[in-house]
Amino acid sequence: MKPSANLEGEQAAVHFDVVSKRFDDVVALNDVTLGIGRSEFVTLLGPSGCGKTTLLKLAAGFLGPDGGSISIEGKRVNDIPTYQRGIGMMFQNYALFPHMSVAENVAYGLKTRRVPRAERDKRVADALALVKLMGMENRKPRQLSGGQQQRVALARALVINPTVLLLDEPFSALDKSLRSSMQVELREIQRKLGLTTIFVTHDQGEALSMSDRMAVMSEGRIRQLGSPVDVYRSPADPFVASFVGDNNRLRGQLVSIQAEQAIVALGDALVQVPGERLSGLEKSAAVDLFVRPEQFRIVAPGEPCVIKGSVVAQIYQGGHVDLQIECSGSVGDRLLVRSPGEQAVLRWPMGAPVGVAIQADRCSVFPAA
Amino acid sequence: MNQQPFVRIFTAPATLCAVGFLAAMAAVLQYSLRAYVPGSLDPGGLTLANFADLLKPLYARVFLDTVVVCAMTAVVTLIVGYPLAYALVRVEQPILRSILLVIVVTPLFLGEVVRTYAWIIVLGNNGFINSLLMSLGLIGKPLQLMFTSFGVVVALVHVTLPVMVIMLAAGLSHIDRDYPRAAESLGAGPIRVFLTVTLPLSLPGVVAGTTTAFAWTFSAFATPQLIGGGRVNMISNLVYQLGFSSFNFPFAATLCVAGLALTALVLGLLRLASRPLRKIEVH
């Protein structure tokens with residue numbers, strides 16, 4: 001799958017041009033091309049070992065590519081060492097220097113740039129104010145909470161006015177509530193400063209909520225590049241469909257295909273689905289339907305439906321309820337159905353026989369793997 | 001707590017050893033407080049005179065020399081060992097790493113006497129260094145390397161190096177690679193990264209290595225005996241002379257006790273001086 005909507009070298013703040021990297025016999029990156037626009041927040045998302053961290057390390061200069069070229073602000077940086085690239089980076093464990101105070105940590109990048117003392121002090125103070133850490137200047141990193149440490153790491157990366165901000169899973173060490181507030185805050189700061197940002201994560205929720213665009217990666221390739229809405233609504237392939245967001249995979253059989261529409265048999269029922277990714281497929285070939293939990297609707301037994309089954313688990317989530325439906329037949333074994341409103345708990349009790357209808361026009365259909 | 005019996009069984013041998021050591025130490029301490037009866041192997045009555053004798057210039061001098069030789073050895077070992085330890089931790093090719101490790105560790109298996117004899121061959125008047133320098137015409141007559149503190153320190157550095165390198169490497173390998181990377185990302189070149197990040201973070205290992213090297217050389221015997229040849233005396237050599245030539249067991253014991261106390265004192269001071277370092281948590 002070729003990534004689309006790619007920026008060309010000149011416009012891009014960071015541009016990876018057919019970059020490849022291998023470690024011994026393992027291909028970490030397989031001809032990756034990716035352009036990141038100025039002030040854009042781009043997420044590299046994928047399971048561990050997909051190459052996302054390798055791509056980030058190549059941008060930082062901690063690794064060199066085996067093939068292709070990397071440019072920052074239009075300048076090829078393949079042979080430029082990390083310390084001359086003008087990047088700002090936040091590490092997974094923050095990597096705050098434990099032997100320096102908060103102020104010394106933040107000032108570090110200014111000292112290497114020989115910024116005069118007075119200006120340095122002012123910029124450190126401004127950066128700490130930006131991340132709301134005034135009054136913490138003389139503390140040592142170990143005297144700070146996880147969230148505060150992260151703020152210091154952010155201030156340290158921002159104070160040098162980096163050309164690009166690189167974030168390596170910076171939220172993974174935070175607890176959940178702190179994580180979401182830090183995400184919002186980081187995004188606000190990034191927008192305010194107009195910083196080009198590359199963000200690496202394996203958390204698809206984080207990628208969906210934060211990115212301008214996201215690149216979904218697996219096995220050293222970019223499987224899909226697009227806005228979170230695009231990626232969620234129309235995944236490019238079965239991998240993206242199952243990796244980003246919750247999805248149910250239903251096995252069906254192609255009955256007919258006409259232009260953009262295909263008719264697929266799911267057990268005894270026929271559904272009309274988008275067919276743009278099925279072109280060239282033989283009739284009665286096996287296909288996979290990916291249906292989001294919210295694209296199902298539970299109906300009382302007897303009403304028209306596609307799949308019949310019974311409720312085996314209720315997961316009350318406050319605002320909505322997730323129901324697991326065990327269904328008879330060859331379509332799939334357990335469905336995850338998301339029902340808005342809490343009344344679903346009472347309406348569809350455990351063990352109740354139910355019917356499941358599908359909002360078929362919005363699901364994604366691929367030839368079965 | 002059904003693991004209690006196992007704990008007892010497993011610690012029994014260690015406890016037995018500890019009791020043995022304590023008994024030996026107690027015997028030494030007891031001897032140090034007894035009077036020397038010339039011509040007799042049995043000690044006399046209780047006395048503190050032995051400890052007063054320690055202050056005699058002849059003996060105080062040996063203590064001072066020992067401390068100086070140990071300090072020099074520790075410092076030189078650190079200077080030689082640090083680059084080796086650094087390379088051992090950072091070199092990525094497995095073959096180069098193995099070679100380094102072999103170079104560093106093999107001296108441990110040779111024993112102090114064998115290594116010291118090797119140094120006699122190198123340092124002697126007709127030894128490797130002098131022959132080389134003379135054949136190059138750089139010196140007219142052999143340099144005096146044997147029977148000097150210099151020679152003793154050189155040989156002791158070789159004896160101590162493996163321990164130093166292993167302790168430094170342990171310290172260096174605990175430094176997360178993201179620290180130097182973070183410094184690099186902030187614009188620091190390799191030298192600045194080393195001086196401002198790697199070196200400070202490795203100081204706990206430096207302190208551990210230096211103290212161990214110091215304590216290790218304090219009890220050195222074979223090396224000063226063979227290379228010092230009686231002209232460089234360290235405490236162990238004095239103990240040997242007094243105990244086995246003069247049969248003055250009480251005073252030999254006093255020297256042992258004093259040596260132990262001095263080592264403890266120096267190590268205690270080093271620990272105290274390095275207290276701020278322990279607050280550096282390196283994960």
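Loops, cores and helix contacts

Student: A:Lys132 is found in the loop between helix H3 (117-130) and helix H4 (146-158) of chain A. Is A:Lys132 buried or exposed?

Tutor: This is a predicted model, in which local features need pLDDT of at least 70, side-chain atom pairs count only at pLDDT 80 or more, and totals for chains, interfaces and linings use all residues. Residues are numbered from 1 along each chain as its sequence is written, while chains are lettered from A and ligands numbered from 1 in the order in which they are written. A residue is buried if 20 or more other C-beta atoms, placed from the backbone, lie within 10 Å of its own, exposed if 12 or fewer, and partly exposed in between. With 11 other C-beta atoms within 10 Å, A:Lys132 is exposed.

Student: What is the phi of A:Lys132?

Tutor: Most residues other than glycine have a negative phi. A:Lys132 is a residue other than glycine, yet its phi is positive, near 60°.

Student: A:Tyr94 also has a positive phi, of about 70°, although it is not a glycine. Is A:Tyr94 buried or exposed?

Tutor: A:Tyr94 sits in the loop between strand S6 (87-90) and helix H2 (102-112) of chain A. Helices (H or I, at least four residues) and strands (E, at least two) are DSSP runs, numbered from the N terminus. Because 21 other C-beta atoms lie within 10 Å, A:Tyr94 is buried.

Student: How many residues has the largest nonpolar core?

Tutor: A nonpolar core is a set of buried Ala, Val, Leu, Ile, Met, Phe, Trp, Tyr and Cys residues joined through C-beta atoms within 7 Å. Among those with the most contacts inside the largest one are A:Ala59, A:Val106, A:Ala155 and A:Ile198. The number of residues in this core is 83.

Student: Which residues does A:Val106 touch, not counting residues up to four places away in sequence?

Tutor: Two residues are in contact if their C-beta atoms, placed from the backbone, lie within 7 Å. By that rule the residues touching A:Val106 are A:Val124, A:Ala127, A:Leu128, A:Val152, A:Ala155, A:Arg156 and A:Val159.

Student: How many helices and strands does the secondary structure of chain A come to?

Tutor: Chain A has 369 residues, and buried residues make up 43% of them. Its C-alpha trace spans about 80 × 45 × 35 Å along the principal axes. The secondary structure of chain A comes to nine helices and 20 strands.

Student: And how many helices and strands has chain B?

Tutor: Chain B has 283 residues, of which 32% count as buried. Its C-alpha trace spans about 75 × 75 × 35 Å along the principal axes. The counts for chain B are 12 helices and zero strands.

Student: Are H7(B) and H9(B) roughly parallel or roughly antiparallel to each other?

Tutor: Axes are lines fitted to C-alpha atoms, for helices over the stretch in contact, and angles run from 0 to 180 degrees between N-to-C directions. Angles under 35 degrees count as roughly parallel, over 145 as roughly antiparallel, 65 to 115 as roughly perpendicular and the rest as oblique. The axes of H7 (residues 149-173) of chain B and H9(B) come within 8 Å and cross at roughly 155°. H7(B) and H9(B) are therefore roughly antiparallel.

Student: How do the residues of the contact of H7(B) with H9(B) divide into nonpolar, polar and charged?

Tutor: Ala, Val, Leu, Ile, Met, Phe, Trp, Tyr, Cys and Pro count as nonpolar, Asp, Glu, Lys and Arg as charged, and the others, Gly among them, as polar. The residues that meet include B:Leu156, B:Met164 and B:Gly171 in H7(B) and B:Gly205, B:Ala213 and B:Trp216 in H9(B). They divide into 12 nonpolar, seven polar and no charged.

Student: How are H1(B) and H12(B) placed relative to each other?

Tutor: The axes of H1 (residues 4-32) and H12 (residues 249-273) of chain B come within 7 Å and cross at roughly 120°. H1(B) and H12(B) are therefore oblique.

Student: Which helix gives the most to the side of chain B that touches chain A?

Tutor: The contact takes 19 residues from chain B and 19 residues from chain A. Helix H8 (178-185) and helix H9 (190-218) of chain B are the elements that give two or more residues to the side of chain B touching chain A. By class, that side has 10 nonpolar, three polar and six charged residues. With seven residues, the helix that gives the most is H8(B).
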